[in-house]
Amino acid sequence: MSEINFIVEGMKCGHCAATVEKALKDLRGVESVKVDLDNGIARVELQDEDTDMDRFKQAVKEAGYKLVGTK
Ligand SMILES: [Cu+2]
């Protein structure tokens with residue numbers, strides 16, 4: 001199990017948080033997602049170490065937000 005904190009721009013309310021959560025949760029290998037709206041962070045628990053960040057970026061983008069990095 002590994003954990004990544006993504007910095008996500010554009011989330012403004014609980015609806016945004018839920019949308020981002022769902023987009024990330026649907027991805028392969030994702031165990032759980034928790035969004036910290038105040039800090040603009042999405043904490044993702046992965047089943048395995050994952051070095052392919054592009055698919056996370058893409059999923060967040062498709063949901064209408066922007067993944068700008070990790071923390
Ligand atoms: Cu919103």
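Predicted model: local features only at pLDDT ≥ 70, side-chain atom pairs only at ≥ 80, totals over all residues.
Now step back into the helix itself. H2 covers residues 54–63, and Phe56, Val60 and Ala63 are its buried residues. Look down the axis of H2 and those buried residues fall within an arc of 60 degrees, so they line one face of the helix.

What do the buried residues of H2 pack against? Their partners are strand S1 (2–9), helix H1 (14–25) and strand S4 (66–70). The helix as a whole lies across S1 and S4, and it runs at about 150 degrees to S4.

That brings us to the sheet. It is an open one, built from 4 strands in the order S2-S3-S1-S4, with antiparallel pairing. S4 and strand S2 (30–36) are the edge strands, each pairing on one side only. On average, neighbouring strands here are turned by 30 degrees against each other, if you ignore direction.

Zoom in on S1 and S4 for a moment: these two pair in the antiparallel sense over 4 bridges. If you want a spot to look at, find phenylalanine 6, which stands opposite threonine 70 in S4.

H1 lies across S1, S2 and strand S3 (41–46), and its direction makes an angle of about 160 degrees with S2. H1 is also one of the elements that the buried residues of H2 pack against, which takes us back to where we began.

How values were computed
Residues numbered from 1 in each chain as written. Buried ≥ 20, exposed ≤ 12 C-beta atoms within 10 Å, placed from the backbone. Arc of directions from axis to C-beta. Contact = placed C-beta atoms within 7 Å. Pairing = 2+ DSSP bridges. Axes fitted to C-alpha atoms, helices over the stretch in contact; angles between N-to-C directions.
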